[in-house]
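Student: I'd like to learn how to read a fold from its coordinates. Could we go through one together?
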Amino acid sequence: AEENSKYTVDLSTDESRGSYLVNETGFALYYYIDDPGNGTSICYGDCLKSWQPFYAENITVPESLNASDFTEVIRTDGMKQTAYKGWPLYFFYRDTVPGDLKGQGVNDVWFLVSPEDFIIIEA
């Protein structure tokens, strides 16, 4: 098995959740259902205290993922953020070790990104 650090975005697996996107150190990546889904983030202010934008300059992924699904977003605050199929990706501040999934389902609007069943809802 290859080490996670070879990829800037990788897959991890949870018994109950299935596979989900993680960063190169194994931390879960989330998306925000209230984002428009067109590469735009509406997470600012207090939201950013809990949900930090994920950004990787060079996207490298295992064969099971497609690097072209990832895009670079420039937020209105000037920060860069990586999006998956148009959905900006975030970390949750309460995830303190790889494998923590404390952000899953928060307020019924924050969810893990499971590529195999990630449906793009066209606006």
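Student: Let's begin with the sheet: in what order do strands S5, S6 and S7 lie, and is the pairing parallel or antiparallel?

Tutor: Strands of a sheet pair through backbone hydrogen bonds, and they can do so parallel or antiparallel. Here the model is a predicted one, where local features need pLDDT of at least 70, side-chain atom pairs count only at pLDDT 80 or more, and totals for chains, interfaces and linings use all residues. Residues are numbered from 1 along each chain as its sequence is written, and side-chain values use heavy atoms, with hydrogens and water left out. Strands are DSSP runs of E, at least two residues long, and helices are runs of H or I with at least four, both numbered from the N terminus; two strands pair if DSSP finds at least two bridges between them. In this case the order is S5-S6-S7, in an open sheet with antiparallel pairing.

Student: Which strands stand at the edges?

Tutor: S5 (70-74) and S7 (87-88) do; each has a single partner strand, so one side of each has no neighbour in the sheet. S6, residues 80-84, pairs with S7 over two bridges, and Ala83 sits opposite Pro88 of S7.

Student: What about Trp87, is it buried or exposed?

Tutor: Go by relative accessible area: under 20% is buried, over 50% is exposed, and anything in between is partly exposed (1.4 Å probe, protein chains only). Trp87, which lies in strand S7, has 7% relative accessibility, so it counts as buried.

Student: And which residues does Trp87 touch?

Tutor: A contact means heavy atoms within 4.5 Å. Leaving out residues up to four places away in sequence, Trp87 touches Tyr31, Tyr32, Ile33, Asp35, Pro36, Gly37, Thr82 and Phe118.

Student: Which residues have the most contacts inside the largest nonpolar core?

Tutor: A nonpolar core is a set of buried Ala, Val, Leu, Ile, Met, Phe, Trp, Tyr and Cys residues joined through side-chain atoms within 4.5 Å. The largest one has 15 residues, and Val9, Leu21 and Leu89 have the most contacts inside it. Apart from that one lies another core, of 14 residues, including Val22 and Tyr90. Back to Leu89: beyond four places in sequence, its contacts include Leu21, Leu29, Phe54, Phe70 and Val113.

Student: What joins S1 to S2?

Tutor: A hairpin does, through three residues. S1 (residues 9-14) and S2 (residues 18-23) pair in the antiparallel sense over six bridges, with Asp14 standing opposite Gly18 in S2.

Student: Zooming out, how many helices and strands does the protein chain have?

Tutor: One helix and nine strands, running β-β-β-α-β-β-β-β-β-β from the N terminus. The radius of gyration (over C-alpha atoms) is 13 Å, close to the 14 Å from the globule rule (2.2 Å times the number of residues to the power 0.38) for 123 residues, so the chain is as compact as a globular protein of that length. Buried residues make up 43% of the 123.
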